[in-house]
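Open the model in your viewer and keep the sequence panel beside it.

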Amino acid sequence: MKKPAAIILSAITLAIVILLIYFLPMLLKGAPSDAIIRIPAGATKENVRDSLARYLGEDYATQTMRAASLMRADDFSSRHGAYLIAEGTSPLRAQRKLAKGAQQPLTITVNGFRSLATLSDRISRRLDFTADSLSRAASEPRLLAGYGLLPEQALALFIDDSYELYWSASPGQLLEKIGANYDRVWNDSRKAKAEALGLSPAEVMTICSIVDEESNKLDEKGKIGRLYINRLRKGMPLQADPTVRFALGDFTIRRVKGEHLKVESPYNTYRNRGLPPGPIRTTSVATIDAVLDSEPSGHLYMCAKEDFSGRHNFAATYAEHQANARRYQQELNRRGIK
């Protein structure tokens, strides 16, 4: 009687040992470091295992996939997304996160993009869609019309800010967030201020984009915006150097010369009166408010200060402006800036 009992006990002990060897790593093994695991749409088990192995090691990947199989949660075709596996997370907990689709939100920042193409390229690198798909969606006339914008004003929709969404988000889902923020910014109060200036929100955004290229000094932005509004009201060309750089596609130009002013482009505000067709970069709420709340002035001209502080001398008359410009040009020559 003792011998069969001993055999049974030994078998049970062996089974327990095998089970512990099999299951304990799933419970106790921790991820060696934080890792973002990206699962593409329609992913296979092999895709997921390869991603886990690449960032967390072969053994961790094996244990996580083993846990997924045991839980009958190894169909990853509908788990499209990016998942944070924090350092110390067990394979069992990692598989639960993947199984539940508990994605890690990403923060996308819009800040000073000078073209829709550049913006689309940068954002698409962070999310799971192509730059072309975002450019097409953001240029769709019906979408833009809902915000009072034309296709050439598409960049105005993207107000400088941070936006939280999932890696698996579509261009449409991103644009919903971008558009909701645009509507929040352009509330009734700001629309009324724009109307009082004789401008639409889209026109304010275009002025702000030029202002941002002219200066990074917030306390000057209202003055610059008001100067351009004054020129518009008088029917004067804006003659804004940033629009020439935009037309040439070269923002490295430090000294805009006569040869640059000849560029044939609707964005060249030396050759064309009125505002350019759309913004030349994305802008911020701070700049929008600076322009909307700017004090009335008689300024029609401005020139960079000769001390290269990034600030400007403002003038109401052309004679005063010429004196300011001469000092600046002399300093450019002295420094050898061409």
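**Stop one: Thr64**

Select Thr64 and show what surrounds it: leaving aside neighbours within four places in sequence, Thr64 is in contact with Leu52, Pro91, Ala94 and Gln95. Keep in mind that this is a predicted model. Thr64 sits in helix 3, which covers residues 58-70. Is Thr64 buried or exposed? Its relative accessibility is 1%, so Thr64 counts as buried, the cut-off being under 20%.

**Stop two: Asp160**

Now select Asp160. Look for it in the loop between helix 7 (141-145) and strand 4 (161-165). Asp160 is buried, yet it has no salt bridge. Which side chain of opposite charge is nearest? That is Arg281, 4.7 Å away. A salt bridge would need a side-chain nitrogen of Arg within 4 Å of a carboxyl oxygen of Asp.

Next, show the side chain of Thr282. A polar contact of 2.6 Å links it to the side chain of Asp160. Not counting residues up to four places away in sequence, Asp160 touches Val110, Asn111 and Gly112, along with Thr282, Thr283 and Ser284.

**Stop three: helix 10 and helix 12**

Select residues 201-214 for helix 10 and residues 241-248 for helix 12. Two packed helices are described by the angle between their axes and the distance between the axes. Here the angle is about 95° and the axes are 8 Å apart. Helix 10 and helix 12 are therefore roughly perpendicular to each other.

Finish by showing side chains where these helices meet. Helix 10 brings Ile210, Glu213 and Glu214. Helix 12 meets them with Asp241, Pro242 and Thr243.

How values were computed:
Residues are numbered from 1 along each chain as its sequence is written. This is a predicted model: local features need pLDDT of at least 70, side-chain atom pairs count only at pLDDT 80 or more; totals for chains, interfaces and linings use all residues. Side-chain values use heavy atoms; hydrogens and water are left out. Helices (H or I, at least four residues) and strands (E, at least two) are DSSP runs, numbered from the N terminus. Buried means under 20% relative accessible area, exposed over 50%, partly exposed in between (1.4 Å probe, protein chains only). Contact means heavy atoms within 4.5 Å. Lys and Arg count as positive and Asp and Glu as negative; His and the chain ends are not counted. A polar contact is a pair of N or O atoms within 3.5 Å; within protein, one must be able to donate a hydrogen and the other to accept it, and residues adjacent in sequence count only if both atoms are side-chain atoms. Axes are lines fitted to C-alpha atoms, for helices over the stretch in contact, and angles run from 0 to 180 degrees between N-to-C directions. Angles under 35 degrees count as roughly parallel, over 145 as roughly antiparallel, 65 to 115 as roughly perpendicular and the rest as oblique.
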